[in-house]
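Subject: Structure handover

Hello,

Here is the structure you are taking over. Please open it beside this email and look up each residue as you read.

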Amino acid sequence: MGPPTGLDGGGLRFLRNFGFHLGPGCIKKFFGNISFVVLLNLLVKPGWVVLESLVQDRLGHAAFGTFTALFNWTLIVASVSDLGTTQLTTKRVAATPEFLTEYFPTLLPLKGWLSVLFLLVMVGSGWLLGYHGHTLTLLTLTGASLLVTQYTQFLRGTLQAHQRFNTDAMLSVLEKALLLVLVLALIPVGITLDRYVGARAVAVLFTFVVLYGLVTRLYGRVRYKLRWDHASSLLRASLPLALITLVYGLNERVDMLMLERLASPSEAGYYAAAYRWVDVLMMYLWTVLPLFFAKFAYATGKPKEQQELLWFGQRVVTVPLLFMCAFVLFRGEVLFWQFTHSTAAELEQMTRSLKILFVNVLVHAFFAIYSTLLTSTNHEKPVSWLVAGSIGLNVLLNVFLLPRYGAVAAALNTLLCVVFVSGGYLWLVSRRTGVIIPWGTIGRLLLAFGLLCGVFWGLQQLLNHWLLEAIGAGLAFIAILFGTGIVRVAELKALRR
């Protein structure tokens, strides 16, 4: 099932699910944007995750588990502080560029005051959760850094809305690159939790200053003029998006906080070690999906273009994640080589959690783009209710299972909830958008993943060496992609033109 094909001649005969209506030139340019973003992130973020694992090994699981709980609580509250204005701005500027000139004098000071308000809420709620003394100070500094990051992401939304994806890509890795340098500089003098939190704050502030200067240079200096009529209309329009941001933040981050409170800081540390690698893979999704969000919003009122973007995106989003998911399911233990101070039982707990979480990544790889389509096309409310139901289920399962089973239970609960919410995405897309779900492509992708897992199993029995298995499976995966029709020679030739 797919869009009709009709481009005559060799490589320009775009086969189904490759964006016929959008045209090869548009697809080629957009695919180039995606490739550039992913390349930059691959140059920085994998190195950062290895270094952060080293930091955890030096600090210890309990200390790092405490930091992770603080960090995730600040993430939840900081995401709410945005009140949906970032996504609203991206949607509005993409559809009507004059929105920037009219509303930014109100949006910029409004965002600042919201950040101050939610910093107070963050610290107060942290005190109620039982964080006091020096721990509360760390929570305050971490929270302030996260709120600055939220403001940075808000400014980046204007670049995405203007389709400046390459500029946005460079800014997206600046913070992590600087943080990588700062933490490496701390290793000779000794890494402490205070120094680590301080380094994160410096990297965040520097990135914000650079981005603010760039946006000012591109679009001119904005004179702040807080108009209450504009502010009230913006907040009313952004509240559905704010609710989605809240429920997504809770859905992704509540496990770490509940683990630290209901089980132990050490269990939170084990889960953090596993989830760190999930973040590396999900980095691809959270880098690519905002581009599709902006594209879907730009095609508002053009359902045919949105449908073809979805069919194109299904493969772009899913294929790169299939290999790593299969690798982790068979050889996930090799990712914890940095933990030289951990016991065999601790490593086993982290590995088991990692493998369960990567099944969660696999589900996201197939179905996260459907959430992007829904939220960019004014279906925020049903999505928010769906994710809210998932949060309720997750919290209920956590309360009963975390005290006894710890990190493994958190991973399994997350997987059950993402399966529930992904089924809801498919139902909403088919019922509310009029966009046809590419079941044929999904079936071929599932077949490719099954064949890849079979190759990994066979090589594991034959070679019993993770590197040789990965190389062999990688070569086999290329053949599988062509053999199942997921990637076609004609499409690659068209992209080269």
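Below are some notes on what was found, starting with how to read them.

This is a predicted model, in which local features need pLDDT of at least 70 and side-chain atom pairs count only at pLDDT 80 or more, while totals for chains, interfaces and linings use all residues. Residues are numbered from 1 along each chain as its sequence is written, and side-chain values use heavy atoms, with hydrogens and water left out.

Helix α13

Helices here are DSSP runs of H or I with at least four residues, numbered from the N terminus. Helix α13 covers residues 439-462, 24 residues in total. The expected span of a helix is 1.5 Å times one less than its number of residues.

Several residues of α13 are buried, including I442, L445, F449 and L452. Buried means under 20% relative accessible area, exposed means over 50%, and partly exposed is in between (1.4 Å probe, protein chains only). The buried residues of α13 pack against α10 (303-331), α11 (344-376) and α14 (466-483).

Two loop residues

N464 sits in the loop between α13 and α14. N464 is not a glycine, yet its phi is positive, at about 55°. Its relative accessibility is 59%, so N464 counts as exposed.

Q338 lies in the loop between α10 and α11. With 5% relative accessibility, Q338 counts as buried. Setting aside residues up to four places away in sequence, Q338 touches V49, V50, S53, L54, D57 and W277, where contact means heavy atoms within 4.5 Å.

The nonpolar cores

A nonpolar core is a set of buried Ala, Val, Leu, Ile, Met, Phe, Trp, Tyr and Cys residues joined through side-chain atoms within 4.5 Å. The largest has 128 residues, and Y271, F292 and Y370 have the most contacts inside it. Helix α9 (residues 265-298) gives the largest share of this core, 18 residues. Apart from this core lies another, of eleven residues, among them Y151, F154, L171 and L211.

Beyond its neighbours within four places in sequence, Y271 is in contact with residues including D255, M256, L357 and T414.

One more residue

F482 belongs to helix α14. Its relative accessible area is 36%, so F482 is partly exposed.

Regards
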